[in-house]
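Biologist: Could you take me through this model in plain words? I'll jump between topics as I go.

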Amino acid sequence: MHNVDLSVTLAGMTMKNPVVVASGTFGFGREYGEFYDLSELGGICAKGLTLHRREGNPGPRIAETPMGILNSVGLQNPGVDAFIATELPFLRQYDVKVIANISGNSPEEYGVMCEKLAEAGVDMIEVNISCPNVKAGGLAYGTRPELAAEVTEVAKAHAGQVPVMVKLSPNVTDITEIARAVEGAGADALSLINTLRGMRIDVNTRRPILKMNTGGMSGPAVLPVAVRMVWEVSNAVKIPVLGMGGVSKGEDAAQMMLAGATAVAVGTACFADPYAPLKVRDGLAEIAARQGLSAVSELTGGVKPW
Amino acid sequence: MKVERKCKIVSKEWLNQDAVYMVLEVGDMVRTSCKGPGQFVHVKCGDGLLLRRPISVCSCMEDEPEDTLAIAFEVRGEGTAWLSERQVGDTLDVLGLLGNGFQVRPEGRYLLVGGGIGIPPMRGCAQYTQGRSTAILGGRSADKVILQNCFQDECAKVLVATDDGSLGYHGFVDALVRQELSEDKNYDAVLACGPKPMLRNVAKVAEEFGVPCQVSMEERMGCGVGACLVCVCDMKDGTRKHACKDGPVFDSKEVDWDA
């Protein structure tokens, strides 16, 4: 098998391979770093940060569904300053791109966090306008084009040279509308999809499994929805897309890239198999080699729609 | 260091209608990641279920060529039902050893309290303290008081309580904890595993007698290693910790029992 160039460039950020781990599924890397060298990954989207420490939602925070899960963690995190002081130096030991993920209660909070993270020197900032598990801000910014654009503008104005990627919610009627608004506001890249809102009920107790009643669905079950949205968004905007949602093997990643993604993120699959991101990378390389490609990036946008 | 290993089932036994005891060959897992009694393993339960199932370690031992590890679990849903159908010779995908166990000293003397499927993890503590500890085992009925014979061999004294009175004391384990501590407070700590209401009551009694108490908490779990943050335990100071990484064993005084 000949060597395939695995490197990709996402909004000016070059990664040695197109596999990123998705925010909220990989902590700050310490836990999975016990299983393998984090330098094997293309990038790490760190656990979602807020300006101040958050304890998150009460439990239960997880429910299983056929080939998927629902979660309602609610952005538990130590706050942006603690990330910069203790987690970022840890991640910097590795040859891997570090993408900080941020959520704010107001556009101003997004601005403050971008300034701090740009100064601290992260490789990219992922602006979360789509968390379904918090009351203030969160999803509201991600479902209204004008608010999404406002948050994007503020983030860009405070992020200096650091590229800004906006994470889109699938919980909208037309995701391309939000994508175009965010692109128009200056976003350098888009990531999608965040989780789909869902609910599970215990029929005996008549109680929802999740203490917050509803949560965000992820896992292999959402892959086709994610591929469809990546395809739609890639056709609607010129900025690059980081595709995520249910990717658990090389073929899934190839689908994402054919649909238009420049790179892919692996998330929930890590819970079943800590080595999933590496297997996705190797599977993707194998597919590219089998198809005689010299670079995996040749897959991007290669779908031949009927 | 945590590891993922393909582990062969070397023996399997039904302890009652719902509980299965299995011994696994786990490669170097015990050598590389054992921190003491009270840890757990995260077991993949077939290809149709995404999440692994966390199962407490009953006992484990470094051995050649492979370390061995015993688990006991109750069939509660699809995952554990799948696991209960595996046979001797089958292979399981296991992550381990995870979490922090009980803080125990081998020369210590402990009052071990296990309720129902919370009994198995106490066995490691009994073995670790080489026969000096006392065990109080409880269950809804006599058949739920599993592994009693092991504790008889590995503890100085064993007391049993059942909710229906079909074996031993008719009532809950916390009454026996009270009885034991009022006769003999000379324990380094009370160590307990079982349903949350039981743990709360046992912790309360231990506190009354001024004996330190450690409890092993059970929560719905995701990754098992501390990355996904779903297995939340509310602490008295208002923080939320995680059973898989910060626990599953906590000092009873840290836990917010009213949450």
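This is a predicted model: local features need pLDDT of at least 70, side-chain atom pairs count only at pLDDT 80 or more; totals for chains, interfaces and linings use all residues.

Biologist: What does UniProt list for residues 2-104 of chain B?
Modeller: The unreviewed entry lists "domain: FAD-binding FR-type" for residues 2-104 of chain B. UniProt positions are given in the numbering used here, feature names are shortened, and annotations may be inferred rather than shown by experiment.

Biologist: And which residues does the "binding site" annotation cover?
Modeller: According to the unreviewed UniProt entry, the annotation covers B:Cys223, B:Cys228, B:Cys231 and B:Cys244. They span 22 residues in sequence, yet no two of their C-alpha atoms are more than 10.0 Å apart, so they gather at one spot. One of them, B:Cys231, sits in the loop between strand 12 and strand 13 (232-234) of chain B.

Biologist: Staying with chain B, what is the strand order in the open sheet of seven strands?
Modeller: The order is 10-9-8-7-11-12-15, with mixed pairing, where two strands pair if DSSP finds at least two bridges between them. Strand 10 (169-170) and strand 15 (249-251) of chain B are the edge strands, each pairing on one side only. Further in, strand 8 (residues 134-139) and strand 9 (residues 157-162) of chain B pair in the parallel sense over six bridges, and B:Gly139 has B:Thr162 of strand 9 as its bridge partner.

Biologist: Which strands does helix 3 of chain B lie across?
Modeller: Helix 3 (residues 120-128) of chain B lies across strand 7 (110-115), strand 8, strand 11 (189-193) and strand 12 (213-216) of chain B, running at about 160° to strand 7. Helix 5 (residues 173-183) of chain B lies across strands 7, 8, 9, 10 and 11 of chain B, at about 160° to strand 8. For these angles, axes are lines fitted to C-alpha atoms, for helices over the stretch in contact, and the values run from 0 to 180 degrees between N-to-C directions.

Biologist: Switching over: how many residues of chain A are in contact with chain B?
Modeller: 27 residues of chain A are in contact with 23 residues of chain B, a contact being two residues whose C-beta atoms, placed from the backbone, lie within 7 Å. On the chain A side, the elements giving two or more residues are strand 5 (62-65), strand 6 (68-71) and helix 8 (269-272). That side divides into 13 nonpolar, nine polar and five charged residues. Here Ala, Val, Leu, Ile, Met, Phe, Trp, Tyr, Cys and Pro count as nonpolar, Asp, Glu, Lys and Arg as charged, and the others, Gly among them, as polar.

Biologist: At what angle do helix 7 and helix 9 of chain A pack?
Modeller: Helix 7 (residues 250-258) and helix 9 (residues 276-290) of chain A pack at about 65°, with their axes 7 Å apart. That makes helix 7 of chain A roughly perpendicular to helix 9 of chain A, since angles under 35 degrees count as roughly parallel, over 145 as roughly antiparallel, 65 to 115 as roughly perpendicular and the rest as oblique. The residues of their contact divide into five nonpolar, two polar and three charged.

Biologist: And what about the angle between helix 1 and helix 2 of chain A?
Modeller: Helix 1 (residues 80-91) and helix 2 (residues 107-120) of chain A pack at an angle of about 15°, with their axes 10 Å apart, which makes helix 1 of chain A roughly parallel to helix 2 of chain A. The contact is made by A:Val80, A:Ile84 and A:Leu88 of helix 1 and A:Met113, A:Lys116, A:Leu117 and A:Ala120 of helix 2.

Biologist: Last one: where is the cis peptide bond with B:Pro65?
Modeller: It joins B:Glu64 and B:Pro65, with omega about -5°, and B:Pro65 lies in the loop between strand 4 (53-61) and strand 5 (68-74) of chain B. In chain A, the peptide bond from A:Gly59 to A:Pro60 is cis, with omega near -5°.

Conventions: Residues are numbered from 1 along each chain as its sequence is written. Chains are lettered from A and ligands numbered from 1 in the order in which they are written. Helices (H or I, at least four residues) and strands (E, at least two) are DSSP runs, numbered from the N terminus.
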